[in-house]
Amino acid sequence: MMTDPRDASSAGGPPPRPDPTAAVEPDYLRAEPGLRSWLTTTDHKRIAIMFLIATTLALMLGGTFALLLRTKLLIPGPGFIEPVTYNRFFTLHGVIMVFMFMVPVIPAVFGNFVLPMMVGAKDLAFPRVNLASFYVYVTGAGFTLWGMVHGGADTGWTFYAPYSTISPTDVAPIAIGVFILGVSSIMTGLNFIATTHMLRRRGLRWHGMPIFVWTMYATSIIQVLATPVLGLSVSLVALDHALHMGIFDPALGGDPVLFEHLFWFYSHPAVYIMILPAMGVIAEIVPTFARKHQFSYNALAYSSLGIAFVGFLTWGHHLFVAGISQFDAAIFGVMSMFVAIFSAIKVFTWIGTLYRGSITFNTPMLYFFAFVYLFAFGGMTGIAVATTSLDVHWHDTYFVIAHFHFIMIGGTLTAFLGAIHYWFPKMFGKMYPERWGLVSAGLVFAGFNLTFVPQFLLGNAGMPRRYYSYPIKYHILNVASSLGAYLLGSALLLTLIYLLVSLRWGKRAPANPWGSRGFEWRTPSPPPVHNFVAPFDPAKGPYDYDQPPPDEVPPVST
Amino acid sequence: MSAAATSRVHVQYDSLERQHDTARLGMWVFLGSESLLFAGLFALYAAYRFAYPVEFHAASAHANLVIGTINTYILLTSSLTMALAIHATRRGRRRETVAFLAATIAFGLGFDVLKIVEYAGHLAEGLAPGDYYAFTALPAHGVVLYVTLYYLLTGLHALHVTGGVCVLVWLALRAQRGDFTPQSHIALELGGLYWHLVDLVWIFLWPLLYLIR
């Protein structure tokens with residue numbers, strides 16, 4: 001058992017109960033310097049920063065693979081890499097982006113950082129479980145990366161049986177890595193559920209919480225209930241690959257489609273693990289920069305739970321051409337469309353919040369506009385592919401690739417970028433350069449569209465996904481898509497550079513640079529170790545823009 | 001196990017009671033997650049049994065009903081001794097707590113030993129999973145799925161039993177040291193909850209694997 005470093009001094013004595021009126025604590029970044037205190041910290045804010053570093057590295061690695069793939073696809077025929085290397089690259093791109101970036105990124109970074117503050121807690125319910133979740137993540141990532149260097153995998157991130165059980169590449173360590181990453185995800189979800197239930201500040205009702213907490217709660221339910229099934233199904237593939245258990249082997253009477261059922265039972269809800277936190281971020285950004293109360297708090301809160309619930313009943317839409325019955329396909333198709341209803345409720349609520357608001361066009365807000373456009377577009381193409389007759393045409397083509405990249409990159413990545421700009425002042429006590437932010441947001445949007453709109457057209461024209469080469473008639477659109485990918489990559493690199501620069505040279509951030517009413521802004525930037533100087537008044541709600549900012553916001557400490 | 005394993009009030013809690021309630025909630029959520037891990041295998045079992053009812057029936061006739069039934073009694077009794085250990089702690093009887101925990105550990109180890117004996121018997125007959133299946137009395141097709149699922153389900157369960165025994169040893173050492181008081185023994189309670197889940201899973205495995213003949 002690790003001991004909590006903050007409590008180490010009080011062993012044997014009465015537990016330390018910080019007096020809110022006592023002298024201001026040092027902020028969490030400066031409280032205990034040294035690498036060792038960072039690596040053994042149980043402070044949710046520091047763990048969030050460690051996750052931010054780890055997931056950013058994952059994004060860079062996954063993005064590098066994406067750029068290599070797009071570079072190969074600049075020319076139709078054989079290119080600078082072998083076909084099997086190409087297969088390895090798209091597998092690793094998918095595995096890294098999904099399991100090491102998209103799934104953990106917003107919960108483990110921003111959820112970790114702001115959720116305890118949003119419920120008025122001094123930390124998460126289980127701080128050591130939280131720290132352990134980071135090391136479990138690192139272990140899982142280590143397994144995956146080792147498998148990648150050792151032999152890679154050429155199955156795609158979906159590990160479809162029976163190919164994944166007989167592939168000559170090293171499927172087992174990568175599958176085990178995915179299993180371990182899943183454990184980390186479960187630990188995060190468990191912590192958030194317990195924190196939301198038990199650690200809300202006295203007087204903070206469920207309906208007084210920021211929407212971000214609701215979306216994190218809905219995400220956590222999916223993480224806790226769906227991830228074990230993913231863990232099981234990839235473990236079965238690993239066992240099969242390493243020991244020939246043959247549980248999905250048709251030669252022994254097994255059914256490979258059962259793997260798809262088990263896999264998508266997790267991996268479709270996992271899409272909502274990726275997009276719900278993004279929606280939570282957006283729901284915080286919009287009222288802040290529109291200076292208005294949420295258009296409908298309840299609709300936003302309950303539509304998150306609705307998506308989490310319906311999300312469990314839609315997995316079959318990945319199997320329309322895998323031999324499931326027409327009846328099943330119809331049910332799964334309709335259930336999938338229900339998700340669109342809840343999503344539309346959210347989009348219209350944000351639009352309603354904007355209506356007659358006093359809108360500030362800065363970087364987080366620009367990312368909100370990118371998000372709404374890309375998410376709505378991606379969502380509507382989702383309805384299209386949920387329609388069985390259309391899906392037969394588009395299944396396993398670039399249309400599907402473009403569709404889910406619109407949701408995952410257009411949705412989650414833009415929300416991630418919006419979140420990092422929105423909470424950057426709170427996390428680091430520095431301002432990012434607004435002008436660079438606006439420029440790079442514009443470039444991300446342009447690069448994204450240039451990358452993925454051509455892929456819709458390619459898919460509709462019949463280009464299958466995961467192919468190493470293609471007929472010459474797809475050439476121009478592929479070149480456009482690759483150029484878009486370079487633009488998107490450069491824009492992300494630009495963002496990384498100016499954020500790193502402003503860590504050191506940025507302007508000092510006040511406690512509440514946006515004039516937000518959110519709870520996490522009612523404390524200095526960066527926050528003290530135990531988050532608040534004085535308890536905030538939850539009766540002054542997080543979206544109460546009719547009132548002046550609460551006077552709990554402390555002055556900037558010098 | 002969790003932050004609440006120690007009896008100090010952590011800084012984010014108002015009271016020890018609140019902290020313990022939170023730990024209990026966390027444990028229940030974890031148990032829910034664990035159930036879904038087994039549920040995946042149960043789903044596979046359901047699908048394959050539906051596809052191969054005759055083969056499953058024939059294969060299960062070769063399960064070792066005697067050992068399976070003895071193990072059922074062992075696990076059920078171990079849940080009783082676990083509950084008695086917590087009861088003894090609540091009454092402040094340290095020595096009884098340690099004794100009941102030791103009994104629970106012994107039952108858990110006994111379960112594992114019998115399981116190994118059972119596995120050894122099956123493997124000697126050629127009732128092995130996947131490609132290793134070499135049982136001459138029954139053709140492999142369909143039957144091997146039952147056998148593989150038998151090993152996967154009981155193997156995953158036995159891993160949980162073994163993990164549980166490790167936790168119980170740790171709890172027994174702490175109980176011996178006098179860490180648990182009648183008011184504060186959350187780690188013991190959480191360990192007990194986990195042990196009951198292990199028991200509960202077996203109550204499903206026993207009929208599904210041994211009694212369907």
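Between chain B and chain A the count is one salt bridge, a salt bridge being a side-chain nitrogen of Lys or Arg within 4 Å of a carboxyl oxygen of Asp or Glu. That bridge brings together the side chains of A:Arg202 and B:Asp14, at 3.0 Å from N to O. This is a predicted model, in which local features need pLDDT of at least 70 and side-chain atom pairs count only at pLDDT 80 or more, while totals for chains, interfaces and linings use all residues. Residues are numbered from 1 along each chain as its sequence is written, chains are lettered from A and ligands numbered from 1 in the order in which they are written, and side-chain values use heavy atoms, with hydrogens and water left out.

**Where the chains meet**

- The rule finds 12 residue pairs in polar contact across the interface of chain B and chain A, both residues at pLDDT 80 or more. A polar contact is a pair of N or O atoms within 3.5 Å; within protein, one must be able to donate a hydrogen and the other to accept it, and residues adjacent in sequence count only if both atoms are side-chain atoms.
- On the side of chain B that touches chain A, α1 (16-51) and α5 (143-177) of chain B each supply at least two residues. Helices here are DSSP runs (H or I, at least four residues), numbered from the N terminus.
- The most comes from α1(B), which gives 17 residues to that side of chain B.
- Sorted by class, the side of chain B that touches chain A has 25 nonpolar, 13 polar and five charged residues. Ala, Val, Leu, Ile, Met, Phe, Trp, Tyr, Cys and Pro count as nonpolar, Asp, Glu, Lys and Arg as charged, and the others, Gly among them, as polar.
- In contact terms (heavy atoms within 4.5 Å), 43 residues of chain B meet 47 residues of chain A.
- About 3,800 Å² is buried between chain B and chain A, and carbon and sulfur atoms give 69% of this area. Buried area is the accessible area (1.4 Å probe) that two parts lose on being put together, summed over both.

**Salt bridges within the chains**

- Over all chains, the structure holds 10 salt bridges.
- In chain A, A:Lys45 pairs with A:Asp43 in a salt bridge whose closest N and O atoms are 3.2 Å apart. A:Lys45 is buried at a relative accessible area of 0%, and A:Asp43 counts as buried at 4%. Buried means under 20% relative accessible area, exposed over 50%, and partly exposed in between (1.4 Å probe, protein chains only).
- In chain B, the side chains of B:Lys115 and B:Glu118 form a salt bridge at 2.9 Å, N to O. Both residues lie in helix α4 (residues 94-125) of chain B, three residues apart, about one turn of the helix. An α-helix has 3.6 residues a turn, so residues three or four places apart point the same way. B:Lys115 and B:Glu118 are both buried.
- B:Asp179 and B:Arg177 also form a salt bridge, with their closest N and O atoms 2.6 Å apart. Here B:Asp179 is partly exposed at 25% relative accessible area, whereas B:Arg177 is exposed at 60%.
- A network of salt bridges links B:Asp21, B:Arg24 and B:Glu189.

**Helix α6 of chain B**

- Helix α6 (residues 186-210) of chain B has 25 residues and reaches 36 Å from its first C-alpha to its last, close to the 36 Å expected at 1.5 Å a residue. The expected span is 1.5 Å times one less than the number of residues in the helix.
- Most of α6(B) is covered, with 18 of its 25 residues buried.

**Around A:Phe424**

- A:Phe424 sits in helix α13 (residues 398-428) of chain A and is buried, with a relative accessible area of 2%.
- Leaving out residues up to four places away in sequence, A:Phe424 touches several residues, including A:Tyr432, A:Leu499 and A:Leu503.
- The C-alpha atoms of A:Phe424 and A:Ser525 are separated by 9.5 Å, although the two are 101 residues apart along the chain.

**Backbone points to look at**

- A cis peptide bond joins A:Ser525 and A:Pro526, with omega about -15°; A:Pro526 lies in the segment after α15 (475-505) of chain A.
- Another cis peptide bond joins A:Ala161 and A:Pro162, with omega about 0°. A:Pro162 is in the loop between α4 (127-150) and α5 (163-166) of chain A.
- A:His244 is not a glycine, yet has a positive phi of about 55°.
- A:Asn531, also not a glycine, has a positive phi of about 80° and counts as buried at 0% relative accessibility.
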